[in-house]
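Trainee: I would like to check some labels against their definitions. Can we go through them one at a time?

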Amino acid sequence: LLSQFLLEDNQAVRENGGIIDKTGFEGLPSSESPAPLNTAQRLLQRARSAAILHNRAHGYMNSEALGGVEDEEKIDNWKIYNIMTMCGSDYNVLKVCLPLSE
């Protein structure tokens, strides 16, 4: 799962598993405010948001991102997280790749 923060939708990115999250927080509950810039909490929020949007795109409208941890895999200028989600009674772990720039 690749999270792209683009100004406009890109069909090629979507066809290859990309999630278009213009704000980086569209998947989070409206009651959850974005954490301060340049914090680990904010990166985790962006990863959780992408995971929720991914699940919605696959028909799981009541998905919840329960939490996540940074993956051991390293890519320059990216953070990779393993996000646990709940869709009904099913639990899944999604690997989310985030560009560090917002």
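Predicted model: local features only at pLDDT ≥ 70, side-chain atom pairs only at ≥ 80, totals over all residues.

Mentor: Residues are numbered from 1 along each chain as its sequence is written, and side-chain values use heavy atoms, without hydrogens and water.

Trainee: Why is Val93 called exposed?

Mentor: Exposed means over 50% relative accessible area, buried under 20%, and partly exposed in between (1.4 Å probe, protein chains only). Val93 has 55%, so Val93 is exposed. Val93 lies in strand S5 (residues 90-99).

Trainee: And what makes Lys95 partly exposed?

Mentor: Its relative accessibility is 35%, so Lys95 falls in between. Lys95 is in strand S5 too.

Trainee: What joins the side chains of Lys95 and Glu73?

Mentor: A polar contact of 3.2 Å. The cut-off is a pair of N or O atoms within 3.5 Å; within protein, one must be able to donate a hydrogen and the other to accept it, and residues adjacent in sequence count only if both atoms are side-chain atoms.

Trainee: How do you know that the span of helix H2 agrees with its 18 residues?

Mentor: The expected span is 1.5 Å times one less than the number of residues. For H2 (residues 40-57) that gives 26 Å, and the end C-alpha atoms are 26 Å apart, so the two agree.

Trainee: Why is H2 called largely enclosed?

Mentor: Because 13 of its 18 residues are buried. Just after H2, Gly59 has a positive phi of about 90°.

Methods
Helix = DSSP H or I, 4+ residues; strand = E, 2+ residues; numbered from the N terminus.
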